[in-house]
Amino acid sequence: MTGPAAGTTSAAASFDVVCLGESMVTFRPSRPGRLADVPSFGRGIGGAESNVACALAAAGHRVAWVSRVGADGFGDHLVEAIAAYGVDTSAVRRDPDRPTGVYFRTATDRATDTHEVAYYRAGSAASAMSTHNVPHETLSAGRLLHLSGITAALSPDCLALLHELTAPRSGPPLISFDVNHRPGLWRGSEAGPEVLLDLARRADLVFVGEDEADEAWGLKGADAIRAALPEPATLVVKRGADGATVYSAPRPGAHLGPRPGPCAATAAAATDTVTDVPALHVDVVAPVGAGDAFAAGFLSATLRGLSIRDRVRHGHLMAAAVLTVPGDLTDPPPRERADRLVALDDDAWGRLRLGPGWTGDDQEVRTT
């Protein structure tokens, strides 16, 4: 069984994927060290949902990004940079009263104690997104709508918007939700974990890291996460260097009607197909953005109707492309090249080792 594929709709969608969320101008350090010690920064863009949008567009899909940015130079840069990947930005609104968010980060891994991020996003244009000022016609124009828990933390209006978008409905799009638990964004509120759990239960396809599920909900291991989240037809549990585990329940047309109640969802989860796919050996240059790239690879393969194993492998390859460059974004490997690697047998897949430059057509892929 391959799980639900996006695209079984009666009418042609304008986009393959629509992504909603805040993107910010990010300042990357010129060298490792504390923010207090770094002398200069390079400008880039960063935002979970816009990262997914850019990667999918670069992979050849029709993608729109919905957000709000300030009527300022940083807003200009974001819209132009994201559009340069082939993303439709016509639904992005400019806010004359609120600024575009920015942030600074250190070069270290987000999971380490030495990692620092300084956000300047309070009161940003994106935090003013609400059910009243977003283009609903665009949000409903895709085969798949991709959301994340980051948006829920930005403001009460943003949370209300996510509740509306994940409400039971009578038709598409398929709802994809990346939990993206960011404790720093929920400071002053103890509701964050509960909010994220509720939103994940309302989605059709969920991405969550094993580590963040432990931090947010105290859940240990993939099976415990599935037990707490029986409703999504597809649950992707990312296990870092150990790979990913996917739970897919046989629910034809699950995204076309109301989601099952607790008893029905639990019964469906009992018939899950469970697929474990090991991660790749990667010579990491910078770890930021890999989760978004993984989601993009998985969603791209979902749109193509590939098997669960191949969806995960495409996710690993997209993540490896980002892990082997300094920034949050890079062009994915050509589809033909990625398909050849995905088709390898388990032994050959396990011996792959990917380093900087591996995505180029003229680059040899190493094996261990």
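Reader: What order do the strands of the open sheet have?
Author: The four strands go β3-β2-β7-β8, with mixed pairing. Strands here are DSSP runs of E, at least two residues, numbered from the N terminus, and two of them pair if DSSP finds at least two bridges between them. This is a predicted model, where local features need pLDDT of at least 70, side-chain atom pairs count only at pLDDT 80 or more, and totals for chains, interfaces and linings use all residues. Residues are numbered from 1 along each chain as its sequence is written, and side-chain values use heavy atoms, leaving out hydrogens and water.
Reader: OK, which strands stand at the edges?
Author: β3 and β8 (117–120) do; each has a single partner strand, so one side of each has no neighbour in the sheet.
Reader: And how many bridges join β7 to β8?
Author: Four, and the two strands run antiparallel. Y103 sits opposite Y119 of β8.
Reader: Switching to helices: which residues of α2 are buried?
Author: In α2 (residues 73–83), they are G75, H77, L78, V79, A81 and I82. Buried means under 20% relative accessible area with a 1.4 Å probe, protein chains only. Helices are DSSP runs of H or I, at least four residues.
Reader: What do those pack against?
Author: β2 (24–29), β3 (41–46), α1 (48–58), β4 (63–66), β5 (68–70) and β6 (93–95). Contact means heavy atoms within 4.5 Å.
Reader: Last one: at what angle do α10 and α11 cross?
Author: Roughly 145 degrees, and the axes of α10 (residues 290–303) and α11 (residues 308–323) come within 7 Å. Axes are lines fitted to C-alpha atoms, for helices over the stretch in contact, with angles from 0 to 180 degrees between N-to-C directions.

Notes:
Buried < 20%, exposed > 50% of the residue type's maximum accessible area, 1.4 Å probe, protein only.
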